[in-house]
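Subject: Structure handover

Hello,

Here is the structure we talked about. Please have a look, then read my notes below.

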Amino acid sequence: PGNSTGNYTPNENCTYDVRVPAGKRIILAFDFERFDIVGSMPDCPQDSLEIIVGCGNLSRSLGKFCSCSNLSMPDKIYTYDNCLTLVFISDDSSEGSGFLA
């Protein structure tokens with residue numbers, strides 16, 4: 001997410017569904033120098049990126065992630081099947097530059 005200023009806009013709600021062929025898995029890796037989502041862990045009530053692995057009824061959330069935290073995200077996330085969903089949400093306050101994965 002982002003706009004001409006380089007920051008994402010307020011009140012965004014974006015869902016990114018990533019699918020690869022059946023029998024394959026997804027490896028998600030972030031560029032942490034370009035991970036700027038305003039919020040505070042552990043539940044990121046301002047802006048957040050939720051990572052959901054798995055297809056259909058087998059899907060589960062790994063949590064909501066944001067920048068302002070002493071906690072760190074894993075370097076890589078491996079799915080156990082061929083589905084991954086990212087849900088990015090921003091509120092109407094401060095904005096960051098977003099993320100690159």
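I start with the cysteines. C55 and C83 are joined by a disulfide, with an S to S distance of 1.7 Å. The term disulfide here stands for a pair of cysteine sulfur atoms within 2.5 Å. The link of C55 and C83 is right-handed, with 90° about the S-S bond. It ties together distant parts of the chain, 28 residues apart: C55 lies in the loop between strand 3 and strand 4, and C83 lies in strand 6. Strands (E, at least two residues) and helices (H or I, at least four) are DSSP runs, numbered from the N terminus.

Before going on, a word on the source. This is a predicted model, in which local features need pLDDT of at least 70, side-chain atom pairs count only at pLDDT 80 or more, and totals for chains, interfaces and linings use all residues. Residues are numbered from 1 along each chain as its sequence is written, and side-chain values use heavy atoms, with hydrogens and water left out.

Are the two ends of that bond buried or exposed, or in between? C55 has 23% relative accessibility, so it counts as partly exposed. C83 has 4%, so it counts as buried. The cut-offs are under 20% relative accessible area for buried, over 50% for exposed, and partly exposed in between, with a 1.4 Å probe and protein chains only.

The whole structure holds two disulfides. The other one joins C44 to C66, with S to S at 2.2 Å. This link is left-handed, at -85° about the S-S bond. It also connects distant parts of the chain, 22 residues apart: C44 sits in the loop between strand 2 (27–29) and strand 3, and C66 in the loop between strand 4 and strand 5 (76–78). C44 is buried at 3% relative accessibility. C66 is buried at 6%. With bonded cysteines counted along the chain, the pattern is 1-3, 2-4.

What about C14? Its sulfur is 16 Å from the closest cysteine sulfur, in C44, and that is too far for a bond. C14 counts as buried, at 19% relative accessibility.

Now the fold. The chain has six strands and zero helices. Its radius of gyration is 14 Å, close to the 13 Å that the globule rule gives for 101 residues, so the chain is as compact as a globular protein of that length. That radius is taken over C-alpha atoms, and the rule is 2.2 Å times the number of residues to the power 0.38.

Four strands form an open sheet with antiparallel pairing, in the order 1-6-3-4. Two strands pair if DSSP finds at least two bridges between them. Strand 1 (13–19) and strand 4 (60–65) are at the edges with a single partner strand each, so one side of each has no neighbour in the sheet. Strand 3 (residues 48–53) and strand 6 (residues 83–89) run antiparallel and are joined by six bridges. I52 stands opposite T85 in strand 6.

Two last figures for the chain. Buried residues are 36% of the 101. The C-alpha atoms fill a box of roughly 40 × 30 × 25 Å along the principal axes.

Best wishes
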